[in-house]
Amino acid sequence: MPTLHPRTALSAESVFARISRLAAQHGAVNLGQGFPSGAPPAFLLEAARQAVGTQDQYTAPIGLSSLREAVGHSLGADPTDVLITCGATEAMLVLAQSLYGPRAGDERDEVIAFEPVFDIYAPQAELAGARFVGAALRLDQGGWSLDLEALRSAITPRTRAIIVNTPHNPTGLILTAFELGWVAELARQHDLWLIADEVYDELYYERHGTHSPPAPLRSLAPERTFTVGSAGKRLDATGWRVGWILTPPGLAPSVAGLHQWTTFCAPAPLQAAVAQALVAAAGNGFYDELRRSYGARMRRLASGLSELGFGVFRPAGTYFLTARLPGMDGERLLTEGGVATIPLSAFYRTCPAPAGVLRFAFCKSEAEIEEALRRLEAYLGAT
């Protein structure tokens with residue numbers, strides 16, 4: 001009987017799927033997996049209704065021209081450098097396959113990302129035949145920050161790329177212009193690719209009254225930066241699976257050539273709907289309202305957790321916050337307390353994880369956040 005290839009060991013259930021499954025099983029308030037609990041905006045749904053029946057066949061692997069133009073305009077870039085993918089996860093996989101892999105003999109390229117790290121980066125590096133290397137972020141009483149020396153020391157002669165996730169999942173950290181400039185210069189010194197995972201680019205809050213320019217890392221190193229974005233995150237519709245890659249000048253056709261061997265193209269009617277919706281969102285105040293609404297929910301959750309004794313590290317962006325309570329067990333909190341979170345240890349691959357830290361998703365309704373705080377209070381009072 002033939003056996004499966006060892007790479008299938010990477011196919012274990014993700015922590016997000018597992019926590020959502022357990023939350024449903026135990027009737028827990030799900031502040032674990034990061035999907036909004038409300039409906040997408042009405043203008044997006046109307047755009048989808050208009051697209052179905054008029055844009056239903058394959059597009060080119062590089063994507064629908066109207067969507068490439070909308071993305072290019074939103075990022076201040078040439079649409080010819082834009083490639084449309086089936087969500088940002090596929091975008092990252094296509095880049096992993098395009099930029100790094102095995103070398104001669106037993107050597108492998110290395111790719112660096114900041115830990116705690118979004119869970120897809122390491123398995124995708126392994127699938128590409130490369131090795132994942134973590135560079136730990138610093139956590140102290142003031143919150144999360146980039147450890148520049150940890151990043152510098154992680155680079156070896158085998159390093160091929162650095163993944164820069166800002167705004168950062170799971171911490172909500174937004175890198176400053178100085179930090180991004182430092183990373184760009186480091187990439188030049190070592191001749192590295194830069195992958196800017198900026199799927200939360202429109203979700204930024206306090207301490208950043210105005211966010212950095214569109215595709216900020218690309219503006220510093222356009223010749224070596226690939227920027228990844230997500231309509232699902234921008235438009236509050238995570239299941240739509242429409243993403244994009246903004247490539248260095250002239251490289252989009254080559255990356256699209258590899259994309260054709262994965263999913264060939266993203267769903268055509270959703271591409272058409274997103275193209276229309278991105279134009280609408282840029283002019284109707286949608287992003288401002290999204291930040292206002294999520295910012296209010298973030299502050300309510302943060303204040304409630306602080307009142308319960310958590311040390312809260314307020315995010316500058318994304319829809320996640322991290323909080324620490326010594327001795328807190330996320331598994332027991334879910335099964336006994338009825339609140340689902342993600343233990344931060346799930347986001348570490350090579351570096352030691354800080355104890356007692358949980359990630360909370362606040363892209364949920366006000367009622368869900370209030371119920372979660374009520375259950376947390378009851379659980380902590382009973383333990």
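How do strand β2 (residues 82-85) and β10 pair, and over how many bridges? They pair in the antiparallel sense, over 4 bridges. Helices (H or I, at least four residues) and strands (E, at least two) are here DSSP runs, numbered from the N terminus, and two strands pair if DSSP finds at least two bridges between them.

This is a predicted model, in which local features need pLDDT of at least 70 and side-chain atom pairs count only at pLDDT 80 or more, while totals for chains, interfaces and linings use all residues. Residues are numbered from 1 along each chain as its sequence is written, and side-chain values use heavy atoms, with hydrogens and water left out.

The chain as a whole comes before its parts. It contains 14 helices and 15 strands. The radius of gyration is 21 Å, which agrees with the value near 21 Å that a compact globule of 383 residues would have; it is taken over C-alpha atoms, and the globule rule is 2.2 Å times the number of residues to the power 0.38. Along the principal axes, the C-alpha atoms fill a box of roughly 60 × 55 × 55 Å. Of the 383 residues, 56% are buried, where buried means under 20% relative accessible area, exposed over 50%, and partly exposed in between (1.4 Å probe, protein chains only). Among contacts with a separation of 6 or more, 75% are between residues 24 or more positions apart; a contact means heavy atoms within 4.5 Å.

The surface of the chain amounts to about 15,900 Å², and carbon and sulfur atoms supply 54% of it. Such areas come from the Shrake-Rupley method with a 1.4 Å probe, and for residues only the protein chains shown count as cover. The chain carries 32 positive and 38 negative charges, whose mean positions are 2 Å apart. Lys and Arg count as positive and Asp and Glu as negative, with His and the chain ends not counted; the place of a charge is NZ of Lys, CZ of Arg, CG of Asp or CD of Glu.

To return to β10 (residues 243-246), this strand also pairs with strand β9 (residues 225-230), again in the antiparallel sense and over 4 bridges.

An open sheet of 4 strands has the order β11-β12-β15-β14, with antiparallel pairing. Its edges are β11 (311-313) and β14 (342-343); each has a single partner strand, so one side of each is left without a neighbour in the sheet. β11 is joined by 3 bridges to β12 (residues 320-324), and there Phe-313 has Thr-322 as its bridge partner. β12 is in turn joined to β15 by 5 bridges, with Ala-323 opposite Leu-358. Between β14 and β15 there are 2 bridges, and Ile-342 is partnered with Arg-359.

Strand β15 (residues 357-361) is mostly covered, with 5 of its 5 residues buried. Val-357, Arg-359 and Ala-361 lie on one side, and Leu-358 and Phe-360 on the other.

Among the helices, α2 (residues 42-51) holds Phe-43. This residue is partly exposed, with a relative accessible area of 22%. Phe-43 touches Leu-235, Ala-277, Ala-280, Ala-281, Asn-284 and Phe-286, residues up to four places away in sequence not being counted. Phe-43 and Ala-280 are 237 residues apart along the chain, and their C-alpha atoms are separated by 7.6 Å.

Some loops have backbone features to note. The peptide bond from Glu-115 to Pro-116 is cis, with omega near 10 degrees; Pro-116 is in the loop between β3 (110-115) and α5 (121-127). Asn-169 and Pro-170 are also joined by a cis peptide bond, with omega about 25 degrees, and Pro-170 is in the loop between β7 (159-165) and α7 (177-190).

Asp-191, in the loop between α7 and β8 (193-197), has a positive phi of about 55 degrees although it is not a glycine. Asp-191 is exposed, at 58% relative accessible area. Phe-264, in the loop between α10 (252-259) and α11 (268-283), has a positive phi near 70 degrees and is partly exposed, at 30%.
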